[in-house]
Amino acid sequence: MLHKFPKVETLDSEERYSRTIRQLLDDHQSVVTHLAEGFHECQKSVPYEMIDAFLNRTLMSRLGIRMLAEHHLALSLNKPNHIGIICTHLNLRQIVEKCGDFARQVCEHTYGVAPGLIVNGHTKAVFPYIPAPLEYILQELLKNGMRASVEHHLDKPLEVPNIVVTLCSNDTEFFVRVSDRGGGIPESKLQDIFKYSFTTMGDRSTIRPSDNDNIFSELCAGHPNNSPSGGPMAGWGFGLPTSRAYATYLGGSLKLQSMEGLGTDVYLRLRHIDGKKESFRI
């Protein structure tokens, strides 16, 4: 559809072009949900390595296409401190606290209680970045940490330890470490933690991936669903591997270090996009 669109030479044709892009974005909102459903249906018939490579390639390609499309649409908006989808003065602490508030709402809705959030390190770091994929990843990491913390302290719900987020920013990249006291991950499960459809939830038979529409399809949509009751806390096993695929696409990494019996530290590393050093390209 875009390839056949006539050359854009007037404001009127640009408006039609933008409407076409928006329609395509809206039509493909649920692609990741359908991928999860398809994975669940075929995982016993297709080698995991083949599906893993396909999902990583598809998710990274989809993120890049959606970011380009949303950037084009956002360039016509007059939003303070923004050039398209790029926030020119992104406050890393504020993003973490915003995602923490959302994760706490989801956790409280699910369990009736949620841990607090402590942010330390380079708490005054401000730099240009693209908020949407960063928010997706942070929400997943914080939800995982909060769920593990609450479930590990079900016998003492009023004594759930805080989630500690440590920030670091240097000339070339920035880091976010999410530390929880959720009991850690058994050694036998560590090798599977980044596999699509792996979950530490005991029973997911009642959870369809379409329940997670608010998580999957709002990325780069420009109107994130802030409803804490929009979907389950966990259960389909796509959050962590999808987050790692996005981090990899953005020129970074997502790594996990667990101490079974105590808790887990997750390290998110992403490159700056200010052009001072080598940056990622969409």
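Contact here means heavy atoms within 4.5 Å. The structure is a predicted model, in which local features need pLDDT of at least 70, side-chain atom pairs count only at pLDDT 80 or more, and totals for chains, interfaces and linings use all residues. Residues are numbered from 1 along each chain as its sequence is written, and side-chain values use heavy atoms, with hydrogens and water left out.

Val119 is in contact with Arg93, Val96, Glu97, Val165 and Leu167, leaving aside its neighbours within four places in sequence. Val119 belongs to strand S3, residues 117–121. Strands are DSSP runs of E with at least two residues; helices are runs of H or I with at least four; numbering starts from the N terminus. Val119 is buried, at 11% relative accessible area. Buried means under 20% relative accessible area, exposed over 50%, and partly exposed in between, with a 1.4 Å probe and protein chains only. Val178 is 59 residues from Val119 along the chain, yet their C-alpha atoms are separated by 9.4 Å.

The protein as a whole contains eight helices and eight strands. It has 282 residues, and 45% of them count as buried. Among contacts with a separation of 6 or more, 73% join residues 24 or more positions apart.

Helix H1 covers residues 11–27. Its 17 residues should span 24 Å at 1.5 Å a residue, and the end C-alpha atoms are 24 Å apart, which agrees. The expected span is 1.5 Å times one less than the number of residues. Ser13, Ser18, Thr20, Ile21 and Leu25 are buried in H1. Viewed down the H1 axis, the buried residues fall within an arc of 155°, so they line one face of the helix. The arc is that of the directions from the helix axis to the C-beta atoms. Arg19 and Asp27 are exposed on the other side of H1. The buried residues of H1 pack against helix H3, residues 48–74.

H3 has 27 residues and reaches 38 Å from first C-alpha to last, close to the expected 39 Å. Its buried residues include Ile51, Leu55, Leu59, Arg62, Glu70 and Leu73. Their cover includes H1, H2, helix H5 (131–152) and helix H8 (239–249).

The axes of H3 and helix H2 (residues 31–42) come within 12 Å and cross at roughly 175°. That makes H2 roughly antiparallel to H3. Axes are lines fitted to C-alpha atoms, for helices over the stretch in contact, and angles run from 0 to 180 degrees between N-to-C directions. Angles over 145 degrees count as roughly antiparallel, under 35 as roughly parallel, 65 to 115 as roughly perpendicular and the rest as oblique. From H2, Val31, Val32, Leu35, Phe39 and Cys42 meet H3 residues including Tyr48, Phe54 and Thr58.

Asn81 lies in the loop between H3 and strand S1 (82–83). Asn81 is not a glycine, although its phi is positive, at about 60°. At 47% relative accessibility, Asn81 counts as partly exposed.

Helix H4 (residues 92–111) should span 28 Å with its 20 residues, and its end C-alpha atoms are 28 Å apart, which agrees. Buried residues of H4 include Leu92, Val96, Phe102 and Val106. Down the H4 axis, the buried residues fall within an arc of 165°, so they line one face of the helix. Gln94 and His109 are exposed on the face of H4 turned away from its buried side.
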